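Please look over the following notes with the structure open beside them.

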Amino acid sequence: MGWMAWTLPTALFFAAIGLALVTLTVLELVWPTAARRGLLPLSTTRGDRFFISLLAAAFVHVGFLGFSDGPVWIASIISCLLAISLMRWG
Amino acid sequence: MRTRPHWLLYLYCVYLLVPIYWLINLSLRDNADILGSLSALPSDPSFANYLEIFSNPVWSSGFINSLSYVAINTVISLLVALPAAYAFSRYRFVGDRHLFFWLLSNRMAPPAVFLLPFFQLYSAIGLFDTHLAVALAHCLFTVPLAVWILEGFMASIPRSLDEMARIDGHSRSFFFFRIFLPAIRGGIGVTVFFCFMFSWVELLLARTLTGSSAKPIVVVMTRTVSASGVDWGVLAAAGVLTILPGLAVVYFVRNHLVRGFALGRV
Amino acid sequence: MRDNRAWLGVLPVLLIVAFSAVIPLMTVVNYSVQDIFDANTRIFVGLDWYRETLRDPRLQSALLRQILFSSLILALEIPLGILVAKSLPRAGRSVGLWLVLLAIPLLIPWNVVGTIWQLFARPDIGLLGATLQNLGFDYNYTAGTLDAWLTLLAMDVWHWTSLVALLAFAGLTAIPDAYYQAARLDGASRWQIFRHVELPRLTSVLTIAVLLRLMDSFMIYTEPFVLTGGGPGNSTTFLSQYLTSMAVGQFDLGPAAAFSVLYFLVVLLLCWLFYTSVMRNRDAH
């Protein structure tokens, strides 16, 4: 596994995503969701909203890194707020 | 309802065919003749360029290498994609749509993104410069493509066929192999065609994952391009020859191909 | 039918794609946050490579060229594809023949497409190049930026317009005859029939065509590599070629990995839009 060059932060990052996927799968089995129409212009399930949140978070970070020199945690906070609102009202 | 083509179509087909005609034209002439004069018809057509390719081991081993990994890739893709496409077309299960999207995203991902880790991965497991390495690497886009095409064809077979077989008392495997697969053989043909094609045409991964012993034909061709004093006639002949396997495969699936395009799944 | 045992059918695909996609993607992310000198010497640098890559002027110009190229081929191929689809006969024995003829460029290996156009456009031995030279144009695609771009565009239109035409044709044949009869009774002109009867019913199929062409043109590598090699200068170097030269040519693992992640994110977004519109199209039927 040496060639994969693992580091602690990336390992934690992937572990978190893996955990979220497992949680969503279990939630779906226990507590299935129906697609609903919220603020977004398309009907989404919980998994869809999670994916949209992740993608949006990635682009918020990219935009932040590209256009500002400030600390990255600002982008992370914006992403978290965005993700929460997407999951709740999206 | 129009039954005759518009004149514009003839014009477009001339645009399509003239470059191909020029390739064939050049492949029948020797290098001195090509460089010497520009003529619409080969004055002294010969198959010397083709003979040169067939007699030169670099070219023929390139062809064999390419055909080997393409064949391995097509078999693997079809074997794993058939059950998956059946599951996607017939059942709803947890995460099915997300899984389908994830598969599709691999078909769309640029191979250049995977270049770096593939080189390390296949070197680490000792598969570098083997046919299997290229075949597995090409699975990245041929497997999702196969699932995507097969699912489209399977979805168009009515579910009542499944139910009828169950009522007739056929076992699941008898139904799948003797009734269902023959019913979608057109789709299987189209899938084989596209797996074959995309693996056959891919250059970037095939070039990066091979050294000397598994060098594919597409790489042999680009080496000829970059060498000084290119033999244009031989290059053109190689071009004509690499088109032929695709034409042979398309000939067998010609009746189903348009439906494959109609599904929007290529 | 709801049945989670269907997962068993999907498992082989999952394993093989996980091997060839998940492990490499994780590796790329790992590389992108480190400065790697050799297998044992690596330093964690956080998001610095991303910052650097996003501000790399060569990458920005490659991205601009990519966007320009993709927009131009969409602007050329979509209308031309519709036009070709409209010129095809709708019925009769020749339809199949025409469709196979149109499909020919799609079936040619991509590097051979590059070779065909190289042999066709070279000013010394190519029919097109030599003819233009004889007509008095100073045409040379290996020296002039504009010539190189025009040749690349002509090649891509040659290669892919058929795909748009075949998709549009499939959409056109799905329009019921009754619509045309009704429009004719109202005395609609040909343009009005196209604008108000055909185009609205082609929207979904054209969305698929646009997104397919957009995504595929975004990863274009082989054809320009064979035809122009990215030149003259860097004037036809698009994203994949720039990334390849970074990863394989200079072996800059960290920056190349950061670039790969960013590239993948953009394609992922496009792919999600594509998937959403395909699924919506299918649910509507």
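1. The largest cavity holds about 310 Å³ of space. A cavity here is a set of points on a 1 Å grid over the protein atoms alone where a 1.4 Å probe fits but cannot get out, and its volume is the space filled by probe spheres set on the points, which are joined across faces, edges and corners. By this rule there are three cavities of 30 Å³ or more.

2. This is a predicted model, in which local features need pLDDT of at least 70 and side-chain atom pairs count only at pLDDT 80 or more, while totals for chains, interfaces and linings use all residues. Residues are numbered from 1 along each chain as its sequence is written, chains are lettered from A in the order in which they are written, and side-chain values use heavy atoms, without hydrogens and water.

3. By class, the lining of the largest cavity has 13 nonpolar, three polar and six charged residues. Asp, Glu, Lys and Arg count as charged, Ala, Val, Leu, Ile, Met, Phe, Trp, Tyr, Cys and Pro as nonpolar, and the others, Gly among them, as polar.

4. C:Asp216 also forms a salt bridge with B:Arg107, with the closest N and O atoms 3.4 Å apart (a side-chain nitrogen of Lys or Arg within 4 Å of a carboxyl oxygen of Asp or Glu). The count between chain B and chain C is one salt bridge. On the side of chain B that touches chain C, helix α1 (residues 7-27) of chain B has the largest share, 14 residues. That side divides into 76 nonpolar, nine polar and 10 charged residues.

5. In contact (heavy atoms within 4.5 Å) are 95 residues of chain B and 101 residues of chain C. These two chains bury about 8,900 Å² between them, 78% of it on carbon and sulfur atoms; buried area is the accessible area (1.4 Å probe) lost on putting two parts together, summed over both.

6. Chain A and chain C each give 24 residues to their contact, and the area buried there is about 2,200 Å². One salt bridge is counted between them: C:Arg55 with A:Asp69, the closest N and O atoms being 2.9 Å apart.

Definitions and conventions
Helix = DSSP H or I, 4+ residues; strand = E, 2+ residues; numbered from the N terminus. 1 Å grid on protein atoms, 1.4 Å probe; cavity = no way out; pocket = protein on both sides within 12 Å on 5 of 7 lines; lining within 4 Å.
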